[in-house]
Amino acid sequence: MSFNLSDWALKHRSFVWYLLIASLVAGAISYVSLGREEDPSFVIKTMVVVAVLPGATAEETAVQVTDRIERKLLELDNLKNTRSVTAPGVATIYIDLTDQTRGDAVPDTWRKVRSMMSDISGDFPSEFAGFTFNDDFGDVFGNIYAFTSDGFSPRELQDRVDDIRRRIVALDQAGKVNLIGTQDEVVYLEFSTRRLAALGLDRAAVMNSLASQNAIVPSGVINSGEERILVRVSGQFDSETAISDINLRSGETFFALSDVAEIRAGYVDPPNSIFRYAGQPAIGLAVNMRSGGNVIELGEELNALMEEVANEIPVGMRIYKVSDQPAVVEESVGHFVQALVEAVVIVLAVSFVSLGMRAGFVVALTIPLVLAMTFVILDVLGITLQRISLGALIISLGLLVDDAMIAIETMISRMEIGETREKAASYAWTSIAFPMLSGTLVTVAGFIPIGLNSSSAGEYTFSLFVVIAVSLVLSWVVAVVFAPVLGVTFLSKSMEKHDHSAGRIRRMFHTTLKAAMGFKWITIVVTVALFAMSIFGMRFVEQQFFPSSDRTELIVDVTLRQNASIASTDEAIGKIEDFLAQNEDTLFWSTFVGGTSPRFVLALDAPTPGPHMGQIIIKTEDTQTRDRLQAALTEIGRNEIPGAEVFVKKMALGPPVGKPVQYRLSGTDPVILVDRARAVAALVATDTRVADISLDWSEPSRVVQVNLDQDKLRQLGVTQTDIAQALFTIFDGVNVTELRDDRYLIDIKARGVAEDRNSIEALQNLQLGTSNGNAIPLETFATLSWATEQPRINRRDGLPTVTIMGAVVTDDQPATIVTALADKIEAFRQDLPSGYELVVGGTVESSAESQAPIAAVAPVMLLVMVTLVMIQMQSFRLSLIVLAAAPLGLIGVVLALVPSGAPLGFVAILGVLALMGILIRNSIILVHEIENLVAAGYTRWNAVFEGSDSRARPILLTAAAASLALIPISRQVFWGPMAFAMMGGIIVGTLITLLFIPALYCAVFNVKKPQT
């Protein structure tokens, strides 16, 4: 006699009850210990390499540095592409790895990149100043605090914040902690070139004298018998006053340093970056969670510490929360848990209404059991509770009760014919267990494209596959092991045979079913026609990558021309801040000038920083005020801030993209490239749904060319290097030495006075001193002329590349707009010179890159499905019938999406693929019942009719549970399109399957209606 797992469970009830209780307790413990996140983490497979060649133009840097680095990087096996931004003297290269690169292999790749850069370090010009590497590009700083002060210097505030940083680093859950917007102290020695020349002092000699006096050098040790006595010399600087007291010698005359230079202690001017909170100068503190930490626990630790700090800091200093990721996560998880509870209630209602109180109660008990066991497995696998995993639990709820419903219904039907509870409970194993298993595995197989999707979007949604696979497999285990024991315990000992006479709805189904079977070819043709119409209808469904987030923040990106000063950028941003200060829709805002916010969520885009750019993060009360404020800010940016591009956007979900509509034009000649890029921008502008169109390639910037007469320089005994260094000292300044306090090294920096360094006229009248004390007017050996050069050069895969970007101002999806422009873009592409390429970027490109792995693994999904069906059916014809139901869900998908206007996004596509498994599962159950009846002696006609009739109720009930359970997440921005697609596909697909599969079975086996 073959082994019967259900029978074994009934014979070991005490042990099964122990397993049940232990599973519930373990599940409760695992649920509490599971990590919480707003969104699942994914590895950003990007590294940033910065290389410096001081004094070079952007073109020289691109040729001498960027090109060499990019050529070397081609040796990386898993390189997807390189993106570089080259500015004068600085090359910033972004290294993107292929989607197939596993997350755990990324650190090894970054180590290899470092080694490769070391290998070519000797290939650069002698002036090359080295590399810096950032392989933590994807680090998330979810907790950001702002510290403001009234009556304290920036240094005093920084010292206090730095003390707090040290205390945060010591917390168990804290990782990296960075300061934002600090202003470094500096002591400026501002020399007047005229005064130096008049006194016959050489600037370089003065600076060498200062550096020598302040140097740390050993003075020796006196070995006097038994004792060693250290020798120390005085003279090192301990304040700016000590510097001003220094005397300089010129011939036989002594001068105080303060006679030839203004000595001023202050802060870096102009600043490299600026941070403000609600318009007030501030210092930010960004906290990263340690790897494997719990964001909720981190939030609790930070709240406790900051409460202590708030009581300790002096009056005048204040602390503000800029980003509170733990609170966001707690709220987000809370909303999902509420939706999960609602879905459980809906499924329970379906169970009680359809099965009655006792049977419904048994099915209801299986839900927390499956969820508890699922939580245990998720805890072991390290899957956190976040948007994707909780949504997956809600999706799986309606599916995981399917097996329990069928098992309990089978048990009840056997008890109605007089079998004992034990015998009836074990009957499900012999009759329906393996078809249920095959159906469950086929349903799981429908989610394989998620599990094997190697893209960033696939990594983002990976937990969807894990949660559904684990919960559905466990639901089958519960149905064949625990459900029989629960049924024997809670169902009545005997079941009265119910009146199975058909009600009105059932009689209508009988009539429709007989008509479908009798007119089988018409039924098949109509179904195929509906499917063909649904394929045609897909063109009316808008495509989407990921929707905007429902978070209430707004992000304002402000970009000026690429040679703009940070003062100009700050002035433009200040106009927006003035508006925000008067706007009631704004709760608070934080401002970043010279860069962007730290990545406080993983989906935040992080462009290359620079003085020409800034960003404002605005917190609003709700999505309505957010949208209203977005419209107002967009209008202000267009009308009141000339010369600046102001892009107001919502938070994104999924991998960051930037402006949604993008095209990239690559070529060899920058002049032709920019000209053609402007033409593309004009073409895109013909679509009124696109606005704020911009290029990431700026206009050439002005350059003052100092043309040196080399012969005169030789007569004077100076070199081009001497002149360049002298000019650099005057205009930018050079570090002479430093003050050493107990915390920081404070640079002592020599530069020209303001009148010498801040105007073109001063350059024309400049006088330079030589080593012999003579003053030389610049105009005696140089002429000045105007020129232009590119402030930044953008390249992709080694080719100059211009990105044309645009924002969508209507409710249309970017893919819809790109499709509408496709013919014009293609015609433009055909006219491009050889060597130039125009491709689509933005969300359309990212969506295609994410869908490509789906298409790649779709054959694997189909192979697994077909194999499982063949194992169960053991017949080509029966397998064909079962598999024919797979695509029918598309009919319902189109019927749901087109009227609702919901787009077909990345997640919705995954749901559509999963529908195949759900419908195949129903078909397996149906066809298996038909074959059982045929084996029992029924004619094929009666077997098809009775099998379809008997399985219609459980199939419809599980379809109702699966579709109604999606209602709670259908209201959410992220899950709404998938919920609509799956609800429509399950309901319509199931109804059609109950008619199409019987008709197809009759056609395949040539079943004819018996003569009456």
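This is a short walk through one protein chain, starting with the whole and then turning to a few places in it.

Before anything else, please keep in mind that what we are looking at is a predicted model. The chain has 1012 residues, of which 53% count as buried, and its secondary structure comes to 35 helices and 30 strands. If you take the principal axes and draw a box around the C-alpha atoms, that box is roughly 130 × 80 × 55 Å. There is one further overall number to give you, which concerns contacts between residues at least 6 apart in sequence: 81% of these join residues that are at least 24 apart.

Let me turn to the aromatic residues. The structure holds 16 aromatic pairs, and the one I would like to show you is formed by Tyr277 and Tyr320, whose rings are stacked, at 4.3 Å centre to centre and with 20° between the planes. I give both values because a pair of aromatic rings is described by the distance of the centres and the angle of the planes. Where do Tyr277 and Tyr320 lie? Tyr277 is in strand β13, residues 274–277, while Tyr320 is in strand β15, residues 317–324, so the pair ties together parts that are 43 residues apart in sequence. Tyr277 is buried, because its relative accessible area of 7% falls under the 20% limit, and Tyr320, at 17% relative accessibility, counts as buried too. Elsewhere, Phe124, Phe128, Phe131 and Phe133 form one aromatic cluster.

The charged end of Arg36 sits over the ring of Tyr31, 4.8 Å from the ring centre, and the charged end of Lys514 is placed over the ring of Phe945, 5.0 Å from its centre.

Is Phe254 buried or exposed? With a relative accessible area of 56%, Phe254 is exposed, because the limit for that class is over 50%. Apart from neighbours within four places in sequence, Phe254 is in contact with Asn247, Leu248 and Arg249.

Now to a pair of helices. Helix α15, which covers residues 433–445, packs with helix α29, residues 842–873, at an angle of about 175°, and their axes are 9 Å apart. That angle makes α15 roughly antiparallel to α29, because angles over 145 degrees are classed that way. Which residues of α15 and α29 meet? On the α15 side they are Phe434, Pro435, Ser438, Leu441, Val442 and Ala445, and on the α29 side Met861, Val864, Met865, Leu868, Val869 and Gln872. Sorted by class, this contact has 10 nonpolar and 2 polar residues, with no charged residues.

Most residues other than glycine have a negative phi, and most peptide bonds are trans. Against that background, the peptide bond from Asp269 to Pro270 is cis, with omega near 0°, and Pro270 is placed in the loop between β12, residues 261–267, and β13. Asp692 has a positive phi, near 55°, and belongs to strand β21, residues 690–695; at 21% relative accessibility, Asp692 counts as partly exposed. Gln874 also has a positive phi, near 55°, but its place is in the loop between α29 and α30, the latter being residues 876–883. Gln874 is exposed, with a relative accessible area of 64%.

I will finish with two places where residues separated along the chain can be compared in space. Ala105 is located in the loop between β3, residues 90–97, and α4, residues 106–119, and counts as partly exposed at 29% relative accessibility. Ala105 and Lys45 are 60 residues apart in sequence, and their C-alpha atoms are 10.0 Å apart. The other place is Val898, in helix α31, residues 889–900, which is partly exposed, with a relative accessible area of 38%. How many residues apart along the chain are Val898 and Arg539? The answer is 359, with 9.6 Å separating their C-alpha atoms. Not counting residues up to four places away in sequence, Val898 touches Gly537, Phe540 and Val541.

How values were computed. Residues numbered from 1 in each chain as written. Predicted model: local features only at pLDDT ≥ 70, side-chain atom pairs only at ≥ 80, totals over all residues. Heavy atoms only, no water. Buried < 20%, exposed > 50% of the residue type's maximum accessible area, 1.4 Å probe, protein only. Contact = heavy atoms within 4.5 Å. Phe/Tyr/Trp six-rings, centres within 6.5 Å; stacked < 30°, edge-to-face > 60°. Helix = DSSP H or I, 4+ residues; strand = E, 2+ residues; numbered from the N terminus. Lys NZ or Arg CZ within 6 Å of the ring centre and 35° of its normal. Axes fitted to C-alpha atoms, helices over the stretch in contact; angles between N-to-C directions. Parallel < 35°, antiparallel > 145°, perpendicular 65-115°, else oblique. Nonpolar A, V, L, I, M, F, W, Y, C, P; charged D, E, K, R; others polar.
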